[in-house]
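Please look over the structure below. The notes that follow take up domains, the chain interface, a sheet and helix packing.

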Amino acid sequence: MEKRVVFRQRGLPYLLLVPQLAVTFVFFIWPASQALWQSMLVQDPFGLATRFVWFDNFAALFGNPEYTNSLKVTAIFSFAVAFSGLAIALLLAAMADFVMRAATFYKTMLIWPYAVAPAIAGVLWLFLFNPSIGIIAWLLGKVGVDWNHQLNGGQALLLVIVAATWKQISYNFLFFLAGMQSIPRSLIEAAAIDGAGPVKRFVTLIFPLISPTTFFLLVVNLVYAFFDTFGIIHAVTEGGPAQATTTLVYKVYRDGFIGLDLGSSAAQSVVLMAIVMALTFVQFRFIERRVQYA
Amino acid sequence: MCCRRTILAGAAVFALALAAGPADAQKRVQIEWWHAMGGELGEKVNKIAADFNASQDEYEIKAVYKGNYTETMTAAIAAFRAGQQPHIVQVFEVGTATMMAARGAIYPVYELMADTGEPFDPNAFISAVVGYYTTPEGEMLSMPFNSSTPVLYYNKDAFEKAGLDPEQPPKTWPELVEFAKKTQAAGYPCGFTTGWQSWVQIENFSAWHNLPLGTKQNGFAGLDTELVFNETPVVEHIANMAEWQKSKIFDYGGRRSDSAPKFYNQECVMYMNSSAAYAGVKNNAKDFEFGIGMLPYYPDIEGAPQNSIIGGATLWVLQGHPDEEYKGVARFFSYLSSPEVQAWWHQETGYLPITTAAYELTRSQGFYEKNPGTDIAIKQLTYKEPTENSKGLRFGNFVQIRDIINEELEAVWAGSKTARQAMDEAVARGNKLLRQFEAQYK
């Protein structure tokens, strides 16, 4: 039987949709089409001399070693953030689900980092790891690791991955915990009675049952890693040293706002949009099949 | 119900009064000035604006802090594209080429002063400052405001402890290395550090030694300029610094002024940075006496020392406003370049006195005797008459080129590239950006 909502007034459904459509238009369609248009132009910063150049900006990107570098950095960064964020949050949620005493305390503490603004989170980690005055940098020095993320690209990338993941763990944790707590206790008890240990219960019972949550979080985490990590990267390393932490979204900012090359920056943002769309499409097409909806 | 009429009547009167009130203030012509001076410098800027507003009643300057230099410039450009540009914007020296090339957006200062009939003498400004911001025909495009040049700050107490004369800063690079070794022997871990490495160790290094940075008079004579600093002794100097980084005669501390703490906590005994860092040094160098010296030079390079070039920013005027508002801008510029205002600004901030009159006034007030070392900057800037290698530089996309230079230098300090490789790479990447800039104006 099909569910149908019937409106008595003819125009009412359209009227109700207008606010959402207006927001989508103003905040997505209009800027996106402007970006598409600008990506085919070469202009001076003030917009006084504009030339239409078809796809030259796009062609220039793919011959540019700095762009290839940022593709590589983005790939490493995004997958590291997404997978470690999910893995750690899953572990914490499983532990929080298991524990009896002070459960609320742990849950509250684990959720707090989500409330911290990205730039502030970045600055916090920056202070901890500052080569001259940071506590963790000092501790690392004591165990023989010479920490200087201002010079060492690998260390800088590690630092932004840690900072970005830390924030996201709380968000993932919340969803995982909710997912786990919605599993009927009777199922878990039945498995325990049948002799399944905690790990086996997790792998064969809990993990498949929270797969809708996992899938959702995977998509959200990847989008987060591609776009929302701009604040953290800008606050911690500004894309350096030597562009070791310049992700695609950061490069869009650098070339557009600092380099004032609006055509190339617009072309990059179009490519970025295409990449994320493709990634999301791939996820829905191939991974969603394995999700078991209750 | 009873008082409803009274309340309504009262509200109407109130609203009328409100409408009538601000009308008085709006009789003054409003002029908007966007700047990048934060913190203490911002307060001094606000004082300048307030004093100007108090000195006359036709115009009112509104000084708005827009963030750092890059953010301010970007904001002004975006505002111009949206038709919301301010009258005056403070742009740093590396943005000069971009501003100059935007002929349809800027209102050159020499034209502004002539059109509004405001008296203006470009010769009142010191030649090093003016040279940077004029066309080859000598027409001034922007109004100098806060110009600085790099100097050498040094730890007098450390010198004494190492058996050196605390009143004698090193004059040459070999001397500096010798002094650094002595202070290291006396227990100070590092010899010298630098801020703004591209500006100090490459751009000013080249000017101070009369070496070219690029063809076409460092870009003054054409957009088809090319970088050439990988063919000059700059490469040897960077190679030296890489060697010194190994023994901590030189220790890298960051791109802008992030290395300052190394000097303040006496880790490094010498610190090369802007003369405008003076206020910071004075406030933070609490446990020791410091002195100021000129930049060191290599005595075997012919022509050294020549003169150093300026950093800092100037004020550019943007088109698109009515004529009567530009009269106010011109009036403000006259006020700003008066000897009293410039002398006050110089003494409070460590930026250079940009007019000869302001310099003389400061001297006659005995400022340089009471604050020794504060005149080193201007002496160094005017050491000799500028040549085509030391007038300054004018490269498009220079903000990005500086970042490229920073990246390549960082690779050298980390030991992953030689100085030759890094400078070659920097020049190649920089030239690509110069060609892109040129293409935008075809």
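## Domains of chain B

In this predicted model, the centres of domain 1 and domain 2 of chain B, taken over C-alpha atoms, are separated by 28 Å. The domain assignment gives domain 1 as 27-148 + 310-370. Domain 2 is given as 150-308 + 395-440.

Contact between the two takes 16 residues from domain 1 of chain B and 16 residues from domain 2 of chain B. On the domain 1 side, α4 and β9 (311-317) of chain B each supply at least two residues. The largest share of that side comes from α4(B), with 3 residues. By class, the domain 1 side divides into 7 nonpolar, 8 polar and 1 charged.

## Interface between the chains

How many residues of chain B are in contact with chain A? There are 24, and they meet 21 residues of chain A. Four helices of chain B each supply at least two residues of the side that touches chain A: α3 (69-81), α4 (96-101), α19 (398-413) and α20 (419-440).

Of the elements on this side of chain B, α19(B) gives the most, with 6 residues. The side of chain B that touches chain A has 12 nonpolar, 9 polar and 3 charged residues.

## A mixed sheet in chain B

Chain B has an open sheet of 4 strands, in the order β6-β7-β5-β8. Its pairing is mixed. The edges are held by β6 (190-194) and β8 (290-293) of chain B. Each has a single partner strand, so one side of each is left without a neighbour in the sheet. Direction ignored, neighbouring strands of this sheet are turned by 20° against each other on average.

Strand β5 (residues 150-155) of chain B pairs with β8(B) in the antiparallel sense, over 4 bridges. Which residue of β8(B) is the bridge partner of B:Asn155? The partner is B:Phe290. Helix α8 (residues 173-185) of chain B packs on the sheet. This helix touches β6 and β7 (268-274) of chain B. The direction of α8(B) makes about 125° with that of β6(B).

## Helix packing in chain B

Helix α9 (residues 197-208) of chain B packs against α19(B) at an angle of about 90°. Their axes are 10 Å apart. The angle falls within 65 to 115 degrees, which makes α9(B) roughly perpendicular to α19(B).

From α9(B), the contact is made by B:Gln197, B:Ser198 and B:Ile202. From α19(B) come B:Arg402, B:Ile405, B:Asn406 and B:Leu409. These residues divide into 3 nonpolar, 3 polar and 1 charged.

## Helix packing in chain A

In chain A, helix α7 (residues 153-181) packs with helix α10 (residues 211-228) at about 165°. The axes of this pair are 10 Å apart. An angle over 145 counts as roughly antiparallel, and α7(A) and α10(A) are therefore roughly antiparallel to each other. The crossing of α7(A) past α10(A) is right-handed.

The contact takes A:Ala164, A:Gln168, A:Asn172, A:Phe175, A:Phe176 and A:Gly179 from α7(A). Facing them in α10(A) are A:Thr213, A:Leu217, A:Asn221, A:Tyr224 and A:Ala225. By class, this contact has 6 nonpolar, 5 polar and no charged residues.

Conventions
Residues numbered from 1 in each chain as written. Chains lettered and ligands numbered in written order. Predicted model: local features only at pLDDT ≥ 70, side-chain atom pairs only at ≥ 80, totals over all residues. Contact = placed C-beta atoms within 7 Å. Nonpolar A, V, L, I, M, F, W, Y, C, P; charged D, E, K, R; others polar. Pairing = 2+ DSSP bridges. Axes fitted to C-alpha atoms, helices over the stretch in contact; angles between N-to-C directions. Domains from an automatic or database assignment. Parallel < 35°, antiparallel > 145°, perpendicular 65-115°, else oblique. Left-handed = near helix turned anticlockwise from the far one by under 90°.
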